[in-house]
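Subject: Structure handover

Hello,

Here is the structure I promised to pass on. Please open it first, then read my notes below.

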Amino acid sequence: MRQHGITPILLEQEPDIGGSWQRRHPQLTLNTHRDLSTLPGARYPKGTGSFPKRDAVVRHLQTFAREHTFDIRHGVTVSSVTRKDESSFRIVSDAGEFYAAHVIMAVGRDTEKRLPRWDGLEDYGGDVRHAADFGDAKTYAGRSILVVGGGNSGFDVCNHLSGVKTGPVWFSVRRGPSVLPKRLFRFAVHRLSPAMQTLPVPLVDRVIAATQYLAFGNLVRLGFPRSIHDAATRLVTDKIAIPVDDGTIAAIRRGQISVVAGVRSFEPDAVILEDGSRLVPDMVIVATGYGTRSLADAPVGSNPGLWHIGLTPSFTSYFHKTYREATDIAQAVSASLRR
């Protein structure tokens, strides 16, 4: 926007830049490589790991905002965005009303926790939490844990638990994963993602399947259901991120983590799996995904002047994807204002 001579106002409900990152567990690490995870014209400081950790990402965001002195109104919660007339929108917030010809919704794609409606969950007496509330992995030492969900969040939780001396960990999955190693023969696999983005999606499905087999062998032998090997297709069509292994498979091989069937229901003191097994974990971590809360009065693409950004994952990284989207939006807004 600045490059096109436009100075936008940013309404941000967090009290500081990177607030949502700071609430996540301290071991949180990007699955995308450092060189592909930067804001425009910025770099991480020398010595930053190949896959930046939570605090490094927060500093990166804060430094970028400070250097560019953006007009960010912190602590503002927007409740609705509606059309005022043909050429402007009305934005209602707890800091008053705003009016604008263009509104860009950048609220994130992982804002709402999704929990399945399992039978008996409301009467379950154990500790159940969403993966978003995972906290510090060290607090799980010595505890038995059931992780529900074999996607990106489930693998992330298990990756962190694999580095802690826990009790038994059960990894509940319904379908065989298409999972990539973080490193293969010491090479950061994600560095190949720009090349993968140029290939046909069905071919990328096969490349991921081959990489998975090269890294881990046949995962069915470790208790996983047989995989369909459609990771790239699901990313493109269903916006489902590709899981990354960084310790989970090794923990399964050594017996710390066991792959089990999907969850069927809950009893007051136990979890019942689809194969009839009964588990009594100290903790249930639900890694079944997120949703997005929209404040606007129309779906994506149906309301001129209303834009959405950051809702679509990509092969490269969230940073690269949103930069391309932001460039397109800025050009379109600039052209509209010149007419």
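Helix H2 covers residues 54-68 and has 15 residues. From its first C-alpha to its last it reaches 22 Å, close to the 21 Å expected at 1.5 Å a residue (the expected span is 1.5 Å times one less than the number of residues). Helices here are DSSP runs of H or I with at least four residues, strands are runs of E with at least two, and both are numbered from the N terminus.

Note that this is a predicted model, in which local features need pLDDT of at least 70, side-chain atom pairs count only at pLDDT 80 or more, and totals for chains, interfaces and linings use all residues. Residues are numbered from 1 along each chain as its sequence is written, and side-chain values use heavy atoms, with hydrogens and water left out.

Back to H2. Its buried residues are Arg54, Ala56, Val57, Val58, His60, Leu61, Phe64 and Ala65. Buried means under 20% relative accessible area, exposed means over 50%, and partly exposed is in between (1.4 Å probe, protein chains only). The buried residues of H2 pack against helix H1 (19-22), strand E2 (71-74) and helix H8 (318-338). Contact means heavy atoms within 4.5 Å. Threonine 69 follows H2, and its phi is positive, near 45 degrees.

Next, a sheet. Three strands make up an open, antiparallel sheet in the order E3-E4-E5. Two strands count as paired if DSSP finds at least two bridges between them. Strand E3 (78-85) and strand E5 (96-100) are the edges, each pairing on one side only. Neighbouring strands are turned by 20 degrees against each other on average, direction ignored (axes are lines fitted to C-alpha atoms, for helices over the stretch in contact, and angles run from 0 to 180 degrees between N-to-C directions).

E3 is joined to strand E4 (residues 88-93) by six bridges. A hairpin links E3 to E4 through two residues. Aspartate 85 has serine 88 in E4 as its bridge partner. Threonine 82 is opposite arginine 90 in E4. E4 and E5 pair over five bridges. They also form a hairpin, with two residues between them. Phenylalanine 89 stands opposite alanine 100 in E5.

The largest nonpolar core has 27 residues, and Ile145, Val147, Leu161, Phe171, Phe224, Ile249 and Ile285 touch the most other members. Such a core is a set of buried Ala, Val, Leu, Ile, Met, Phe, Trp, Tyr and Cys residues joined through side-chain atoms within 4.5 Å. Helix H3 (152-161) and strand E9 (145-148) are among the elements that give two or more residues to this core. H3 provides the largest share, four residues. Another core lies apart from this one, with 14 residues, including Trp118 and Phe266.

Serine 265 sits in strand E16 (residues 263-267). Is serine 265 buried or exposed? Serine 265 is buried, because its relative accessible area is 16%. Not counting residues up to four places away in sequence, serine 265 touches Asp119, Val271 and Ile272.

Last, the whole chain. Its secondary structure comes to eight helices and 21 strands. The radius of gyration is 22 Å, close to the 20 Å that the globule rule gives for 339 residues, so the chain is as compact as a globular protein of that length. That radius is taken over C-alpha atoms, and the rule is 2.2 Å times the number of residues to the power 0.38. Buried residues make up 46% of the 339 residues.

Best wishes
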